[in-house]
Amino acid sequence: MKNILTLFAFLFCIMVSFTVKAQNIRITPRPMEIKEGSGVFPLKPSTRILVDAGNKEIHQIVKLIVQKINMAGGPLLSIGEYTPEMKIKNAIVLTLQGADQTLGKEGYTLDVTTKSIVMKAISSQGLYYGMLSFLQLLPPEVESQEPVKADYVVPVVSIRDMPRFPYRGLHLDVGRHMYPVSFIKRFIDLMSMYKMNTFHWHLTEDQGWRIQIRKYPRLTQVGSTRLATAKGKTSEFDGVPYGGFYSQDQIREIVAYAADKFVTIIPEIEMPGHSVAALTAYPHLSCTGGPFQVRQEWGVADDILCAGNDSAFIFVQDVLTEVMELFPSTYIHIGGDEAPKTRWEECPKCQKRMQDEGLKSEMELQSYFIKRVERFLSSKGRRLIGWDEILEGGLAPEATVMSWRGMQGGIDAAMQNHDVIMTPTDYCYLDYYQADPATEPLAIGGMLTLKTVYSFEPTPPVLTAEQAKHILGAQGNVWTEYIKTPEMVEYMTYPRAIALAEVNWSQKDARNWDDFVQRMENQYKRLSYLGVNYSKGSMQTDITTVRDSIQHRNLVLISSETKGYPIHYTIDGTEPNALSIPYSAPFELKSSSIVKAVMVKDGEVIGQSNERNITVNQASGKPVKILKPYSFKYPGTGDQAMTDGLTGTASLKTGWQGYEGTDMEIVVDLITPSDLHKISTTFIQSIGSWVIYPVEVEFLLSSDGVSFQSAGKIETAPQPTKGKAEREFSIEFPSTKVRYIKISAKNNGVLPEWHEYKGEKCWIFCDEVIAE
Ligand code: TNX
């Protein structure tokens, strides 16, 4: 009996230590080396934290962490001084003594035994990162803002860690929308929690100048306020003035706050483009002399700083002088992106400058502009960063390039031995959608899921080992045209920024999506305790169809980028829950339905529900022949998009097939001749996106696929409609046996006279053939 009890006790211990292990070593970003042991170190009120005598910086950090643990309901630890002669028991040690030099300035070791926890690093920053990892070994409740119950035990483990990249950045645009000082601090707190070390603060824009400059008061008196803002993606305005700026005192406060968390702030002052707010305040800095208005709509403005005007350079230098006083960062970002040369081409001063300086093009004039600013920054011991457009016309000698229009700018710069920060739109634009746009809040466009961010590899394989050293790291960009509130900033930033934090910190081959998903459970709990409005988009289901090409029918396929959780769905329009039909394999729908699906964990729905309207009619799943090709930019689901059962959604990206300037012509083969009396299809119009209705839609029928008879034609004259609209084009006829349906739609070709961009190629967007 006693033996059996001992055996049970033994098994129980193994189980406990196993669950502690499985639950707790979930540090994100994943450390370089983790050696798991067995047993735990319990935190008790008698536990002491010992730090090197005289290290004020680390003392400060330790104090914050002691408060944090206590606020969450954990034991109140005491702080003492550490000396190497001490016998360490029931203590947590943070020391610069005896640290592993090879781990560099940001690296650390963290050794947990049942008796002590020891963190070593060669700098306070390294110890800070050790502390962050230590916090992640504690239960997630440690992030609670009020006392909650939790078991404060730390699993025995030995960690050696250092970052892969030195530059681990997050960007925030406060030009389009701005946020309170308290939120900027919170943004810094959160990024630092994931060991990011650079905050790129985008402070000036066409739509608002947000930094106080003493020498140019009108920048904030005039340039910080726009009279209205574009409503959503329409060409209407809300009529509500929007403004604000950060005073120099506030900026100093934020810079100091960030420094305590080892976050460097790189300020960005945009030039020569994206500067309409500055030109509104000081029109003489422009080519035309103005007047201007702080921009109310998004996009790219033609009016930029005049490169022929010496006062523009004096202005830039004066502004940068005050900026350098406020920001100790070595790097200063000067923008350089999206500067149309329209004004410079017509400006006598710019043209004279080109002549005087022997510049052959406006591109070279841009390069002259940037080089001149760089000389100024270098003379003050600072370094210039610019968006990849600064490559055009020749790079300034010491410039660092932020590659955003893909990776090529970064590759070119690294090949010229320039430093690079990778921030390509396809992987780093946190303003893009992160789940099905049909169920997401309005975003600028694009699609960037958590998994795609996680898959980012900042070092392009074409670079040699030497050139690759110029890739300093990656950065996530939060552009805020459609992000009005702090809550929305968090929604767009998290959890994607955590995926990018791991891309930057963890070793390349240590990255594993399924493992990351597991570890994220720990992070989601922490974010919830912190009240972060993170997105659950990665836990959304994707509902689509696959075509059974033997039986010519569509089957509904439900999946998700986050694997490992059961999916449940409904087809009767009700909200799915854990009791709804469990999904196991693609299934057939007997009639048109709304399919709604969720993922479930422990009997609870996780993530938000997704839904798709799926139509079932005589054409569904039948083969489509494309007679005139659609655009590869908007293929829908490809050749079978018009009969895939998935109707176009509110987003131009989902469902619709697009034709750029060309006509549409398709034939659907119903395989078995069927009695039909109605055929329809839908087109969309979205003036702002250059999509208009076709001018003519014709439906033709055939029994042999060779000779077709017209069943009806619908003509329209292109009319401007407000916002986005849909129109069903249909014909009805006496019941007829039909095997082939041809639909041909004529594109107007170019945007009509009434369009702002008249004469440019216009699109037609169509979806789904419905045959009844
Ligand atoms: C391009 S990225 C811009 C920004 C916009 C952003 C929207 C860059 C250097 N310029 O001005 O806000 O796209 O995604």
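A: First, a polar contact is a pair of N or O atoms within 3.5 Å; within protein, one must be able to donate a hydrogen and the other to accept it, and sequence neighbours count only through side-chain atoms on both sides. This is a predicted model: local features need pLDDT of at least 70, side-chain atom pairs count only at pLDDT 80 or more, and totals for chains, interfaces and linings use all residues. Residues are numbered from 1 along each chain as its sequence is written, and side-chain values use heavy atoms, with hydrogens and water left out.

Q: How far is the side chain of Arg 176 from the ligand?
A: 2.8 Å, from an N or O atom of the Arg 176 side chain to a ligand oxygen.

Q: And Asp 431, what does its side chain reach?
A: A ligand oxygen again: a polar side-chain atom of Asp 431 is 2.7 Å from an oxygen atom of the ligand. For Glu 338, a polar side-chain atom lies 3.4 Å from a ligand nitrogen.

Q: How much of the ligand does the protein bury?
A: 93% of the 360 Å² that the ligand exposes when taken alone. Those areas are Shrake-Rupley, with a 1.4 Å probe.

Q: Which residues surround the ligand?
A: Going by heavy atoms within 4 Å, the shell has Arg 176, His 274, Asp 337, Glu 338, Trp 387, Trp 404, Tyr 429, Asp 431, Ile 444, Trp 479 and Glu 481. By class, that shell is five nonpolar, five charged and one polar. Trp and Tyr count as nonpolar here, and Asp, Glu, Lys and Arg as charged.

Q: New topic. How big is the second largest pocket?
A: Its volume is about 730 Å³. A pocket is an open set of points on a 1 Å grid where a 1.4 Å probe fits, with protein on both sides within 12 Å along at least five of seven lines; lining residues have an atom within 4 Å of a point. The volume is the space filled by probe spheres set on the points.

Q: What lines the second largest pocket?
A: 27 residues, with Leu 64, Lys 68, Asp 189, Tyr 257 and Lys 261 nearest the centre. The lining has 14 nonpolar, eight charged and five polar residues.

Q: Which helix gives the largest share of that lining?
A: Helix 2, with seven residues. Helix 2 (56-71), helix 3 (124-137), helix 4 (181-193) and helix 6 (248-260) each give at least two. Helices are DSSP H or I runs of at least four residues, and strands are E runs of at least two.

Q: Aromatics next. How many pairs turn up?
A: 36 in the whole structure. Tyr 216 and Tyr 282 form an edge-to-face one, 5.3 Å centre to centre with 85 degrees between the planes. Ring centres must lie within 6.5 Å, and edge-to-face means over 60 degrees.

Q: Why does the pair of Tyr 216 and Tyr 282 tie together separate parts?
A: Tyr 216 is in the loop between strand 11 (208-209) and helix 5 (218-221), and Tyr 282 is in the loop between helix 7 (276-281) and helix 8 (310-326), so the pair links parts 66 residues apart in sequence.

Technical notes. Phe/Tyr/Trp six-rings, centres within 6.5 Å; stacked < 30°, edge-to-face > 60°.
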